Protein chains: 6
Amino acid sequence: MKIAAFGEVMMRLTPPEYLLLEQTKELRFTFTGTGVNILSNLAHFGCQTSLITNLPENRLGEAAKANIRQLGIQDQWIGTFGGHIGSYFAEMGFGPRPTQVTYQNRRNSSFGMSDASCYDFERLVDELDLVHICGISLSLTEQTREAALTLAKLAHEKGKKVCFDFNFRPSLNETNGVAFMREQYEKILPYCDLVFGSQRDLTELLGLSLNETKEESQFEELVRRFMQTYSISHFAGTFRQGEGTKHYLAGFLFDTKNYVQAAPREIVNLDRIGAGDGFAAGILLGISEAWPLIDTVEFATANGVLAHTIQGDVPLTTRKQVKHVMEQPTVDLIR
Amino acid sequence: MKIAAFGEVMMRLTPPEYLLLEQTKELRFTFTGTGVNILSNLAHFGCQTSLITNLPENRLGEAAKANIRQLGIQDQWIGTFGGHIGSYFAEMGFGPRPTQVTYQNRRNSSFGMSDASCYDFERLVDELDLVHICGISLSLTEQTREAALTLAKLAHEKGKKVCFDFNFRPSLNETNGVAFMREQYEKILPYCDLVFGSQRDLTELLGLSLNETKEESQFEELVRRFMQTYSISHFAGTFRQGEGTKHYLAGFLFDTKNYVQAAPREIVNLDRIGAGDGFAAGILLGISEAWPLIDTVEFATANGVLAHTIQGDVPLTTRKQVKHVMEQPTVDLIR
Amino acid sequence: MKIAAFGEVMMRLTPPEYLLLEQTKELRFTFTGTGVNILSNLAHFGCQTSLITNLPENRLGEAAKANIRQLGIQDQWIGTFGGHIGSYFAEMGFGPRPTQVTYQNRRNSSFGMSDASCYDFERLVDELDLVHICGISLSLTEQTREAALTLAKLAHEKGKKVCFDFNFRPSLNETNGVAFMREQYEKILPYCDLVFGSQRDLTELLGLSLNETKEESQFEELVRRFMQTYSISHFAGTFRQGEGTKHYLAGFLFDTKNYVQAAPREIVNLDRIGAGDGFAAGILLGISEAWPLIDTVEFATANGVLAHTIQGDVPLTTRKQVKHVMEQPTVDLIR
Amino acid sequence: MKIAAFGEVMMRLTPPEYLLLEQTKELRFTFTGTGVNILSNLAHFGCQTSLITNLPENRLGEAAKANIRQLGIQDQWIGTFGGHIGSYFAEMGFGPRPTQVTYQNRRNSSFGMSDASCYDFERLVDELDLVHICGISLSLTEQTREAALTLAKLAHEKGKKVCFDFNFRPSLNETNGVAFMREQYEKILPYCDLVFGSQRDLTELLGLSLNETKEESQFEELVRRFMQTYSISHFAGTFRQGEGTKHYLAGFLFDTKNYVQAAPREIVNLDRIGAGDGFAAGILLGISEAWPLIDTVEFATANGVLAHTIQGDVPLTTRKQVKHVMEQPTVDLIR
Amino acid sequence: MKIAAFGEVMMRLTPPEYLLLEQTKELRFTFTGTGVNILSNLAHFGCQTSLITNLPENRLGEAAKANIRQLGIQDQWIGTFGGHIGSYFAEMGFGPRPTQVTYQNRRNSSFGMSDASCYDFERLVDELDLVHICGISLSLTEQTREAALTLAKLAHEKGKKVCFDFNFRPSLNETNGVAFMREQYEKILPYCDLVFGSQRDLTELLGLSLNETKEESQFEELVRRFMQTYSISHFAGTFRQGEGTKHYLAGFLFDTKNYVQAAPREIVNLDRIGAGDGFAAGILLGISEAWPLIDTVEFATANGVLAHTIQGDVPLTTRKQVKHVMEQPTVDLIR
Amino acid sequence: MKIAAFGEVMMRLTPPEYLLLEQTKELRFTFTGTGVNILSNLAHFGCQTSLITNLPENRLGEAAKANIRQLGIQDQWIGTFGGHIGSYFAEMGFGPRPTQVTYQNRRNSSFGMSDASCYDFERLVDELDLVHICGISLSLTEQTREAALTLAKLAHEKGKKVCFDFNFRPSLNETNGVAFMREQYEKILPYCDLVFGSQRDLTELLGLSLNETKEESQFEELVRRFMQTYSISHFAGTFRQGEGTKHYLAGFLFDTKNYVQAAPREIVNLDRIGAGDGFAAGILLGISEAWPLIDTVEFATANGVLAHTIQGDVPLTTRKQVKHVMEQPTVDLIR
């Protein structure tokens with residue numbers, strides 16, 4: 001199965017050792033993005049993956065491509081357009097001090113300026129089996145919105161699986177209101193098969209109401225209604241729970257018939273950015289290999305928890321590592 | 001309000017990543033000191049601040065001054081004298097292993113060798129509104145003792161606020177006994193308005209006795225007596241509490257009428273050196289802007305807790321960050 | 001004399017030890033820009049300096065400001081506007097391999113988006129004695145063009161010195177042709193007193209012709225004509241000469257009566273970016289202190305040569321260092 | 001008392017800051033090995049120590065020797081043989097992610113290729129008082145097996161103390177089965193005085209059975225039987241206990257008459273590799289100075305816990321540090 | 001044209017900033033090898049390239065593969081076998097101090113232990129157009145010798161181009177004498193089309209004699225004789241010339257009719273390891289695209305000179321960079 | 001032959017990559033001093049060496065001792081006294097920019113405060129064969145002056161060789177005038193056998209006059225007179241010559257009968273601090289092994305030149321490396 005993702009490449013710049021920007025003259029730099037994260041993790045699981053994006057035709061674009069190849073992602077669908085890569089600075093938090101992300105000019109990036117005409121979608125879609133599209137594309141620019149919709153429609157028409165991730169960020173949509181964004185989501189959802197999201201996405205963004213009165217079945221009924229409306233085959237996401245200073249992650253997964261939930265796992269946090277993409281990669285692996293639902297969500301949850309323990313956005317876990325943690329959770333040294 | 005501090009500048013040398021001195025060939029270096037710490041934090045809160053000290057007239061003195069300016073502190077009252085900056089090495093602890101500080105020749109520093117005649121106190125005092133003096137000055141050398149007393153007296157006479165921090169370190173006073181040191185503290189306290197200290201400072205150093213029999217009011221009565229003796233307007237400090245491996249910080253604050261205490265906050269410790277200066281900066285901000293006592297002590301406590309999560313001595317928090325932690329304590333990622 | 005500069009702040013990201021972007025995960029970062037460079041060097045010479053620019057109101061803007069203060073530049077005229085700082089990557093060359101600079105989105109920066117209305121020029125100009133404006137401002141955006149012209153005109157009208165640097169970069173002016181750019185330069189030059197430039201700027205950009213037939217006096221006649229046309233008081237620049245693998249730098253300087261040239265000095269190149277700003281700072285120092293022309297140009301040339309031996313764009317030399325190199329050129333170790 | 005150890009020197013390569021091998025271009029490198037670890041710790045306790053091993057006669061061998069001297073170990077018994085040092089990569093774990101060790105060609109190392117004829121054991125043994133031999137020597141190669149047995153026999157015959165550490169690693173013994181390995185252990189044990197091991201070593205490796213029915217005395221009876229069989233004077237080891245996410249360490253120690261156990265201490269884990277060697281060093285110190293058993297095991301346990309908080313394999317604690325942690329466990333900053 | 005190379009992957013460990021191994025605790029690590037170097041450079045020139053080798057199935061093997069993909073080389077023909085990667089330490093020289101390379105166990109590596117049966121040569125050869133084989137394979141082990149000969153024969157029989165690099169290292173052949181090695185070279189040469197070598201390889205290793213008496217045509221006659229003997233289509237190599245402290249590189253290239261030599265270019269040396277591979281990549285590019293001989297050798301020489309200015313073994317130049325240096329050799333800053 | 005040196009240990013702090021103190025937050029730190037440098041080099045040549053000094057009894061003193069052991073120097077004569085190590089910052093120069101050394105409080109160091117009573121000279125001298133004393137000891141403090149004289153006298157009386165290095169630094173003797181210093185040198189010279197110095201030391205410091213009129217024999221006659229006055233057996237030093245931007249080093253050496261001079265060698269400068277100590281170590285090696293004078297001075301000169309190419313003060317060359325450079329000066333890569 002050939003899995004592709006459509007999405008931006010960002011440069012992440014991180015001060016070492018929990019330092020603040022003011023405290024250092026050195027930064028660690030990597031390339032990231034929802035598509036990069038999910039594909040890299042799938043490649044580490046042994047899947048064939050390919051990124052659909054545009055990068056500037058300069059030294060930085062070349063460095064980004066080299067980094068993407070290193071992650072195990074094929075680069076043949078990465079075009080060149082524009083002259084800029086969006087970037088962000090991550091000042092890593094510690095204890096009660098939250099991690100602080102500062103974005104630098106995301107909208108003017110090569111990806112942000114590229115509309116559908118900048119890609120050869122016709123040819124790409126023929127070669128892929130499943131394409132992941134991130135909701136950020138709907139928020140970023142007029143061009144990425146158009147490109148995402150074109151790609152989703154085309155893939156759907158050609159009988160390819162479309163995976164969509166709500167990933168709604170109010171901060172990216174201050175000018176376009178919720179009503180406008182809802183319209184965009186409603187346009188793309190009919191083309192989608194697998195969707196990642198949360199209860200809040202369905203109620204606050206799509207405006208669905210909680211009908212069921214019994215609290216324990218409210219959520220399930222809501223999701224069922226949503227899935228039927230848009231003919232969604234799978235819907236997945238995570239619950240985060242807190243208990244004092246302890247935090248837990250538990251994934252859930254619906255197919256058209258069943259609903260399963262993983263046992264919660266404690267989160268120990270080294271770098272939580274991108275951890276959601278680790279969960280998504282786990283779900284995609286299980287679905288693409290037709291695992292039982294419960295195995296899929298358990299694996300995805302363990303992978304999401306591991307993704308919190310890896311520096312940077314990109315989850316680099318292998319199947320062996322995830323299974324080791326699931327089967328021998330108390331081993332702290334492998335040799 | 002123009003806030004100044006009188007105090008030493010030290011160079012701090014820290015091995016990276018919890019390494020011991022023997023384990024590394026590289027050190028991170030910064031400039032620090034109680035005055036530097038408090039003023040830098042106040043500058044990050046938006047106050048106008050200025051350091052009163054002397055540095056050597058050489059490359060190291062210039063680097064120190066550049067660093068102080070970077071922290072937001074004005075350098076126009078930093079003179080040159082002598083040829084040495086005191087330094088200390090901090091081998092960062094981990095879990096049960098304590099952080100180990102090793103001082104290098106603090107007394108022979110430019111600051112340590114400077115007496116009152118090395119400063120233009122007359123002119124400085126006219127321009128400032130509040131001056132912070134650290135108790136270390138009374139312990140360090142004959143020269144710093146004389147300079148601190150001269151400055152406190154002058155500022156008091158000219159109607160400027162004097163803030164004093166007990167900061168009594170037995171290790172710096174092995175030759176001068178407690179009786180001698182008590183005399184020094186008694187000399188400076190009549191000139192002071194705001195004082196930072198602890199119950200132990202009042203009993204063991206100043207020799208005040210606990211009169212009140214009811215334990216819950218003993219401390220308050222003791223502080224009241226102390227404040228009245230020296231006409232102190234505000235007295236502040238912190239309680240540290242432990243509960244298993246968990247530690248909590250709670251600030252207290254007296255004005256001439258009221259006594260308030262903040263709700264304890266859990267400490268997660270990245271670097272505790274200088275955290276007390278974060279608390280002091282919070283108190284000074286609230287008092288200089290005439291906030292309600294309880295708001296002041298709550299803010300100062302939150303700031304002190306945040307200071308534990310920042311590498312190095314110097315608390316670099318902004319008002320926005322402190323308020324964010326107070327209002328949304330569970331958010332661990334801001335973007 | 002209070003010297004200000006109007007100009008952009010850029011973030012420079014440099015791989016360590018001559019590595020290429022592909023070869024490293026770590027970058028050194030600093031803040032730079034023509035104005036930053038010249039002012040920092042003047043501040044290291046003991047002058048009072050202030051930068052006029054806008055930065056984003058976020059963590060990166062704050063880090064940039066802290067860095068600028070560290071360099072000795074006052075930050076009271078740095079406003080906040082927009083959300084982006086232009087950046088560039090410098091892959092340092094070695095021997096025949098040239099240094100490769102890759103810009104990232106310079107035009108959408110806080111500075112690039114700020115027109116005259118984003119600054120309080122009226123108030124600023126009253127407080128300054130000399131303002132430096134870089135030609136980059138005329139090329140960057142419509143907004144910076146307008147702001148630069150407004151500032152130059154205002155300063156000229158209020159009797160303040162205006163220093164202008166041609167700094168013409170064809171690569172920044174691919175859409176606007178030379179004719180358009182000539183017009184902009186012709187608009188600003190009548191307000192200028194001191195100008196930095198080269199023969200090529202006068203002939204190719206301004207379109208002046210070489211009239212004099214004797215080659216040795218061609219250049220001088222050309223400059224005289226230019227200076228008289230725009231009532232320029234000083235014109236300065238550098239000649240670069242090569243002789244095999246050796247390179248030499250020699251500055252020249254005109255006032256309304258005289259023309260002097262420095263003895264050429266050999267260049268040993270650690271980082272040549274920003275070295276021209278070192279020469280400019282030397283000239284501005286000599287003129288602001290009314291040194292003899294020849295002393296000025298000799299000092300500026302020596303400083304320009306030293307600037308090639310300092311990492312980063314920002315020349316950090318002191319008077320003492322420049323004089324040491326001029327007086328004791330063979331000493332390679334000072335202790 | 002002159003303490004020697006016979007064992008391999010390995011190079012350890014560790015990515016900084018919990019990064020994975022794929023995520024970094026930089027590694028921290030140190031030299032390690034059971035013998036190195038124990039001797040270095042004993043040297044830090046003030047003992048005279050010397051390592052018996054072979055290293056390649058090249059730049060890497062010289063660097064290894066320099067590092068060993070730095071640790072306080074004498075290098076006069078380090079010979080040269082072969083051309084290779086075994087190495088391992090340690091990708092440091094975090095939270096649920098275990099530390100991953102990857103070995104590189106341990107068996108072909110200078111140590112692995114050296115048999116008894118490569119050492120001047122006769123002379124060495126005369127000069128030492130106690131020699132430590134690690135069980136790894138029995139597993140590594142035919143050559144190290146032969147050398148270890150020769151040395152143990154010789155030392156025993158000359159009346160020197162022999163200390164032996166089971167350190168049985170199934171992964172190093174996949175080709176040789178347990179039966180073969182048992183034979184080797186049975187050969188060396190008659191020469192040994194002090195032994196480090198666990199219940200599993202006695203039952204699974206040596207094949208002793210648990211005779212006693214009462215669970216609380218089973219272990220003691222088993223050890224007594226083992227000690228009598230081989231005339232062992234001291235047997236020591238540790239229990240690790242878990243309680244939720246908390247882990248505890250408690251040492252035990254037998255002499256020919258008594259059995260003591262230390263109070264469990266909580267483990268906070270920075271780097272657990274080599275922590276067992278910290279415990280062993282503590283036991284050897286107490287025995288070599290004839291401390292009371294309980295003091296010995298308490299000290300060794302505290303030292304083992306401290307070893308978990310130090311980067312790298314080599315425990316670098318001093319007596320002062322261990323005693324400080326035992327006497328003032330709540331102090332987190334020493335100055 | 002699909003270009004493959006058969007060869008070892010080594011790990012290179014380099015102290016930073018010209019430090020010796022004793023002087024640092026940090027190493028930069030990369031993966032290298034003749035095949036890796038040539039293919040990476042060709043990939044940067046835009047060619048499709050693939051490495052034929054074996055790596056261990058562990059974390060280090062995975063990291064090596066990731067690094068190889070980053071370099072632009074496809075990894076589908078990299079198998080897993082054995083458990084070790086050869087490594088070398090490069091202590092970088094400076095001025096008269098030579099660079100010191102220390103190898104660690106090259107022969108026991110996954111590549112060194114793999115014979116022809118460990119590769120699916122039949123399938124590979126069908127898919128490739130040209131395969132590069134390094135002479136090191138003939139020296140390393142019995143297994144690599146056999147694999148190299150098998151591959152060369154098979155490729156030749158299937159009508160694919162075989163490129164061979166003498167790369168004779170006496171230090172790797174201390175046990176096998178020159179006579180034995182000559183036999184191996186004589187076995188492989190009949191299958192080869194393009195060969196890289198020097199006069200010394202032909203005379204000292206193959207034992208050809210210099211027949212021609214006129215010195216200027218001796219070399220050409222020798223090469224012609226060699227090429228005819230083995231039906232070689234192209235023979236290339238470099239001359240290194242010294243003149244005081246200056247060094248020059250000039251490539252030569254023969255096809256069946258012509259002999260051309262490039263103008264010598266001065267070498268400025270940052271890291272000379274791997275520079276010969278840069279020359280080879282340039283020659284392969286020109287030949288694979290059927291450039292005129294003289295253009296090919298000029299490009300290859302310029303590329304070889306550039307390779308001396310890049311850290312590490314792997315030449316990372318692009319066509320654009322090489323051409324820039326050829327066309328504008330005096331430009332030292334591109335922006 | 002057991003060689004000892006009496007001298008201070010200093011901590012050297014160096015910014016990486018030619019950065020200035022203002023430009024970095026990281027420093028490389030090492031321990032150095034004339035005695036450390038010479039002994040370490042002799043240890044690398046295979047001699048048994050031991051340092052006579054005092055260090056503080058704290059973490060920094062322990063780290064210094066570990067570093068000294070790493071260098072190959074025995075630490076059994078290093079005592080503890082006082083609480084401070086002198087330090088210096090080296091901002092590395094580049095091209096015309098000189099290296100800038102800034103000292104920090106050298107006189108108050110443990111060594112500076114130690115007089116003869118702080119050492120067990122009686123016992124030490126019995127065990128050593130040759131002791132090196134640096135002229136810095138005569139300048140530093142009253143205490144070091146006294147200790148150096150005591151040690152020289154004692155060693156001389158016990159028939160041990162005394163080696164003395166003029167090393168006169170006017171900057172360390174601003175308060176004591178030349179007359180006072182001459183007296184000190186005159187006191188110690190009668191106890192010395194081997195002396196390192198220059199013509200200037202003999203004329204300006206000792207006040208000897210140039211008698212001989214023929215310039216070519218002036219120097220020789222002067223040295224002969226000096227050697228006879230104080231019964232010196234060997235006198236050695238270096239000439240530095242410049243020719244444009246090229247620099248050359250040539251050693252000279254006198255014994256009681258002959259005078260030899262080495263052929264000048266070009267200096268390529270990575271770090272010139274401590275290079276003179278490399279020359280001295282070479283001379284001491286030759287004399288202690290009774291080499292021919294010319295071999296000694298050639299080796300010492302080559303070693304001095306190599307010492308310029310090694311980072312840090314401490315020359316770490318081996319005999320093999322020096323000989324390689326002498327015999328194969330054009331080889332730039334050893335593998």
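In this model, B:E17 sits in the loop between β2 (10-14) and β3 (26-32) of chain B; helices (H or I, at least four residues) and strands (E, at least two) are DSSP runs, numbered from the N terminus. The model is predicted: local features need pLDDT of at least 70, side-chain atom pairs count only at pLDDT 80 or more, and totals for chains, interfaces and linings use all residues. Residues are numbered from 1 along each chain as its sequence is written, while chains are lettered from A and ligands numbered from 1 in the order in which they are written.

**Loop residues with positive phi**

- B:E17 has a phi near 50°, a positive value in a residue other than glycine.
- B:E17 is partly exposed, with 18 other C-beta atoms within 10 Å. A residue is buried if 20 or more other C-beta atoms lie within 10 Å of its own, exposed if 12 or fewer, and partly exposed in between, with C-beta atoms placed from the backbone.
- Phi of E:N105 is also positive, near 50°, and this residue too is not glycine.
- E:N105 belongs to the loop between β7 (99-104) and α3 (121-127) of chain E.
- E:N105 counts as buried, with 23 C-beta neighbours inside 10 Å.

**Chains A and C**

- The contact joins 22 residues of chain A to 22 residues of chain C. Two residues are in contact if their C-beta atoms, placed from the backbone, lie within 7 Å.
- On the side of chain A that touches chain C, the elements that give two or more residues are β3 (26-32), α2 (59-70), β6 (87-91) and β7 (99-104) of chain A.
- β3(A) gives the largest share of that side, five residues.
- By class, the side of chain A that touches chain C has eight nonpolar, eight polar and six charged residues. Ala, Val, Leu, Ile, Met, Phe, Trp, Tyr, Cys and Pro count as nonpolar, Asp, Glu, Lys and Arg as charged, and the others, Gly among them, as polar.

**Chains F and D**

- Five residues from chain F and five residues from chain D make the contact.
- The side of chain F that touches chain D divides into one nonpolar, three polar and one charged residues.

**Helix pair α9 and α10 in chain C**

- The axes of helix α9 (residues 275-288) and helix α10 (residues 293-307) of chain C come within 7 Å and cross at roughly 155°. That makes α9(C) roughly antiparallel to α10(C).
- The contact of α9(C) with α10(C) has nine nonpolar, eight polar and one charged residues.
- Axes are lines fitted to C-alpha atoms, for helices over the stretch in contact, and angles run from 0 to 180 degrees between N-to-C directions. Angles under 35 degrees count as roughly parallel, over 145 as roughly antiparallel, 65 to 115 as roughly perpendicular and the rest as oblique.
- C:A300 is found in helix α10 of chain C and is buried, with 28 other C-beta atoms within 10 Å.
- Apart from neighbours within four places in sequence, C:A300 is in contact with C:G251, C:F279, C:G282, C:I283 and C:G286.

**Helix α5 in chain D**

- D:Q143 lies in helix α5 (residues 142-157) of chain D and is partly exposed, with 18 other C-beta atoms within 10 Å.
- Not counting residues up to four places away in sequence, D:Q143 touches D:G112, D:M113, D:S114 and D:D115.
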